Amino acid sequence: MEFSCKAFKVGNCEGQKVVDGETMPLLLQAPESNKTGLDSLLSDLKENKEWFEQMLIKNSAVLLRGYNLTNAEDFNEIIEAFGWEDILYVGPAPRTHVYKRVWTANEGPLSEFIYYHHEMVLINESPKKLALFCEIPPPEGGETPFVPSFRVTERMLEEFPEAVREMEEKGLKYTFTALSRSDTSSMRGRGWEDAFGTSDRAEAEGRANALGMDMEWLPNGAAKTILGPRSLTRVFDGRKGRRMWFNTLVGMHGKEHSSAMMADGTEIPDNVVKRCGEIIEEESIQFKWEKGDVLFFDNMALLHGRRPSLPPRRVLVTTCK
């Protein structure tokens, strides 16, 4: 890999993998022991912003490790140093605002596995970048696994060319049911009032429509959101023409509060969904947190999730355009 930035040195970390010539995640560290402070890091990031963004597109995941970062305020300053525009999270995960642009990651039970997904994949405008900060690493488990999305497309085309062609042509439709109030006992427990920032149904419906969703109101006060048609795969500029598996088919198919099907109502064969889930797991890279880590994802290129863990675990997040 060509590396031409003197502000950082490249390192190795547990679980790191080379995929199609790209190191994931690319680990960047301070070149000298006296440059691990926040002020030094902020200066280096501002001076090398364009280069850093190129590395993120090239490698899909970039990790800053070994810097003396301790809290949400430090994390927020790093994000502000890039000047990236904020994009507000919309989705089912229960989250709490912490500081300025920083939120908690999914607050669902640590005992549950959060399935692989592109952040806000079903919303009209998804964040291009996702940044995560580890304030408290878990004593056991709690990895953030991620998957090069193009590899899923390649392998699904190899094994199920006709099914992929049909889903691509027809598009996908999803449904998701949200209660009115948030339930933090579930990893998808964010209520529609919190998600849309209002308790007024007409207002919530208008905001949902603006995001590309239709809504149905259920007798118990819950809202059923309907999204579609949506693409199965997408190609994004600057990413070698790769077809990304830009959907949440496996994560929503046949679940208690969600569904995924072809846009015309055709059911997706169970064996296709099952094998897709296996492929995603086989292609996954298991990232283990250390205190103070800042991990950047190209959200257009990677799916990510969360392994179950023992408490405590506190990872903060911000989403950027």
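In which loop does Pro-312 lie? Pro-312 is found in the loop between β18 (302-306) and β19 (314-320). The peptide bond from Pro-311 to Pro-312 is cis, with omega near -5°. A cis peptide bond also joins Met-24 and Pro-25, with omega at about -10°. Pro-25 belongs to the loop between β3 (22-24) and β4.

The structure is a predicted model, in which local features need pLDDT of at least 70 and side-chain atom pairs count only at pLDDT 80 or more, while totals for chains, interfaces and linings use all residues. Residues are numbered from 1 along each chain as its sequence is written, and side-chain values use heavy atoms, with hydrogens and water left out. Helices (H or I, at least four residues) and strands (E, at least two) are DSSP runs, numbered from the N terminus.

Eight strands form an open sheet with mixed pairing, in the order β1-β4-β5-β17-β9-β19-β7-β6. Two strands are taken to pair if DSSP finds at least two bridges between them. The edges of the sheet are β1 (9-11) and β6 (97-99); each has a single partner strand, so one side of each is left without a neighbour in the sheet. On average, neighbouring strands of this sheet are turned by 30° against each other, direction ignored. Axes here are lines fitted to C-alpha atoms, for helices over the stretch in contact, and angles run from 0 to 180 degrees between N-to-C directions.

The pairings can be followed from β1. Strands β1 and β4 run antiparallel and are joined by three bridges, with Gly-11 opposite Leu-27 in β4. By contrast, β4 and β5 pair in the parallel sense over three bridges, and the bridge partner of Leu-28 in β5 is Leu-64.

Strand β9 (residues 129-136) pairs with strand β17 (residues 294-298) in the antiparallel sense over five bridges. Within β17, Phe-297 is the bridge partner of Leu-130, and Leu-295 is that of Leu-132. Strands β9 and β19 also run antiparallel, joined by seven bridges; Arg-314 in β19 is the bridge partner of Ile-136. Strand β9 is mostly covered, as seven of its eight residues are buried. Buried means under 20% relative accessible area, exposed over 50%, and partly exposed in between (1.4 Å probe, protein chains only).

Helix α2 (residues 49-59) packs on the sheet and touches β4 (26-29), β5 (61-64), β9 and β17. The direction of α2 makes about 130° with that of β5. Contact means heavy atoms within 4.5 Å. Ser-60 lies in the loop between α2 and β5. The phi of Ser-60 is near 70°, a positive value in a residue other than glycine. Ser-60 is buried, with a relative accessible area of 5%. Asp-20, in the loop between β2 (17-19) and β3, likewise has a positive phi, near 50°, but Asp-20 is exposed, with a relative accessible area of 53%.

How far apart are the axes of helix α1 and helix α3? The axes of α1 (residues 38-47) and α3 (residues 72-82) are 9 Å apart, and the two helices pack at an angle of about 20°. They are therefore roughly parallel to each other. Angles under 35 degrees count as roughly parallel, over 145 as roughly antiparallel, 65 to 115 as roughly perpendicular and the rest as oblique. The crossing of α1 and α3 is right-handed, which means that the near helix is turned clockwise from the far one by less than a right angle.

In this contact, Leu-38, Leu-41, Leu-42, Leu-45 and Lys-46 of α1 meet Asp-74, Glu-77, Ile-78, Ala-81 and Phe-82 of α3. The residues of the contact divide into seven nonpolar, no polar and three charged. Ala, Val, Leu, Ile, Met, Phe, Trp, Tyr, Cys and Pro count as nonpolar, Asp, Glu, Lys and Arg as charged, and the others, Gly among them, as polar.

Asn-76 is also placed in α3 and is buried, with a relative accessible area of 3%. Leaving aside its neighbours within four places in sequence, Asn-76 is in contact with Tyr-99, Lys-100, Arg-101 and Val-102.

In helix α4 (residues 149-159), the buried residues include Ser-149, Phe-150, Val-152, Thr-153, Arg-155 and Met-156. Among the elements that cover the buried residues of α4 are β2, β10 (146-148), α5 (161-170), β15 (243-244), α9 (270-282) and β18.
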